[in-house]
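Subject: Structure handover

Dear colleague,

I am passing on the structure we spoke about, and I would be glad if you could look at it alongside the notes in this email. Please open the sequence and the 3D view together before you read on.

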Amino acid sequence: MSETTRRPETIEQVAALAMQLGARHMERYGANTSRHDFTQRQLMACLILRAYSKTTYRGVLELLAISASLRRELGLEDKLPHYSTLAKFSSRTEVLRIADTMIGAIGLAAFPQGGEATAAAMDATGLETSTASAHFQCKRGGERRKWIKVSVIVLCGSLLPMSVVMDWGPTNDKCQAQELMAKAQAVAMPDTLYADAGYDAEWVHAQCREEWGAESVIKPAVHRADGKRNGIWRSGMSKNYLAKMQYGKRWAVETFFSALKRTMGSTLNSRRPDQLLKEAAFRVLAYTLKR
C-alpha cells in the first residue's frame, strides 16, 4: 500500500484521538461569555493537525476545507475557524500545559500492567528554528542559532513518552532532568531508567532511586584525572554493572527521536520564541497520537 493511500486514514485517526483526549482534559469552552462557535478541544485538535502536517495556521484550514472526513471527525462540518482564532488560542499560556498533560495520559495508558517488568530511557534532542543548516551558517561566518531542546522519557517497550520538557539549547542535559523525572514520576514508576553520560550526576541517581523508586542505569562520565567516581550510586556504574542491566536498552529513546524527526520533521515553522516551544510540544504529541 502506498504512502498516499495510508495518509488519509492516519490523519483521521490522529484527529479522532486528539478529540477524545481533549474532551478529558479541557472544558468545553474557555469562557461562559464567549460566542461558543468552537470548543476548546476542536481548536486544540486543529493545532495538533497543524503540527502533524508541518504546515501553518492557514495551511491546516486549507487541509480541513478539502477534507470532509476530517471536518466530520472534528465536528466542523458547518463552519471552520479563522486562522487568527487558532493563533490566538495557541498563544494561551495553558496550551503547553494541556499538551504536556495529554502526553502524560498517553504514557500512563501505555504503561504495562500486572507486574510486568518495565524500563524507560531518558535523553534529549534538538529541533531547528531555521531551515538553514548549521554547516551553512558556519560557512557564511555566522553563529548557529539557538534551537529547541526536547527532553523525553520514553517507555522502552512501546516507545511512547511518559514525560517531555521543552527548553532552549544548548544546555547541559542535567538542566532539564529534575523536571523531566518529576513529570514522569507523576505518571508511573518503571523498574529501570536508562540514560547516557550527559545525565551522570549523583543527584540524578538519588532522585531516580530514592524519590521515584526506579533503578537508575547511567553511563558514567570521566570528571577526574584519576578516573575515580564520587558518590554512592555513581561509583557502582561499572562496565559489568551496565552490561548486567542491559544498558543497550537506552537506544530505545534514540529510536524514538529518529522516528520523530523522520515523521514530523526536524525544523519548526514558528518564529515567536513561545510559539516555538509550543510547536515542538505539539510535534511530540502529534507523533505520539500517530503511533
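This is a predicted model: local features need pLDDT of at least 70, side-chain atom pairs count only at pLDDT 80 or more; totals for chains, interfaces and linings use all residues.

The open sheet has five strands, which lie in the order β3-β2-β1-β4-β5, and their pairing is mixed. Its edges are formed by β3 and by β5 (residues 215-218), each of which pairs on one side only. On average, and with direction ignored, neighbouring strands of this sheet are turned by 20° against each other.

Strand β2 (residues 147-155) pairs with β3 in the antiparallel sense over eight bridges, and Val152 stands opposite Val164 of β3. These two strands form a hairpin with five residues between them, and Leu159, which sits in the turn, has a positive phi of about 60°. Strand β3 itself, which covers residues 161-169, is mostly covered, since seven of its nine residues are buried.

Helix α9 lies across β1 (residues 119-127), β2, β3, β4 and β5, and it runs at about 160° to β5.

Helix α9 (residues 202-212) also packs with helix α8 (residues 174-185), at an angle of about 10° and with the two axes 10 Å apart. Angles under 35 degrees count as roughly parallel, and α8 and α9 are therefore described as roughly parallel to each other. Among the residues that meet in this contact are Ala177 and Met181 from α8, and Trp203 and Val204 from α9. By class, the residues of the contact divide into eight nonpolar, three polar and two charged.

Helix α2 (residues 40-53) has 14 residues and reaches 20 Å from its first C-alpha to its last, which is close to the 20 Å expected. This helix is mostly covered, with 13 of its 14 residues buried, and just after it Lys54 takes a positive phi of about 55°.

Helix α2 packs with helix α12 (residues 273-290) at an angle of about 85°, their axes being 8 Å apart, and the two helices are therefore roughly perpendicular to each other. The residues that make the contact include Leu47, Ile48 and Arg50 of α2, together with Phe282 and Leu285 of α12. By class, this contact has nine nonpolar, no polar and four charged residues.

Leaving aside neighbours within four places in sequence, Arg50 is in contact with several residues, including Thr55, Tyr57, Asn269 and Glu279. Arg50 and Phe282 are 232 residues apart in sequence, yet their C-alpha atoms are 8.6 Å apart in space.

With best wishes

Notes:
Residues are numbered from 1 along each chain as its sequence is written. Side-chain values use heavy atoms; hydrogens and water are left out. Helices (H or I, at least four residues) and strands (E, at least two) are DSSP runs, numbered from the N terminus. The expected span of a helix is 1.5 Å times one less than its number of residues. Buried means under 20% relative accessible area, exposed over 50%, partly exposed in between (1.4 Å probe, protein chains only). Axes are lines fitted to C-alpha atoms, for helices over the stretch in contact, and angles run from 0 to 180 degrees between N-to-C directions. Angles under 35 degrees count as roughly parallel, over 145 as roughly antiparallel, 65 to 115 as roughly perpendicular and the rest as oblique. Contact means heavy atoms within 4.5 Å. Ala, Val, Leu, Ile, Met, Phe, Trp, Tyr, Cys and Pro count as nonpolar, Asp, Glu, Lys and Arg as charged, and the others, Gly among them, as polar. Two strands pair if DSSP finds at least two bridges between them.
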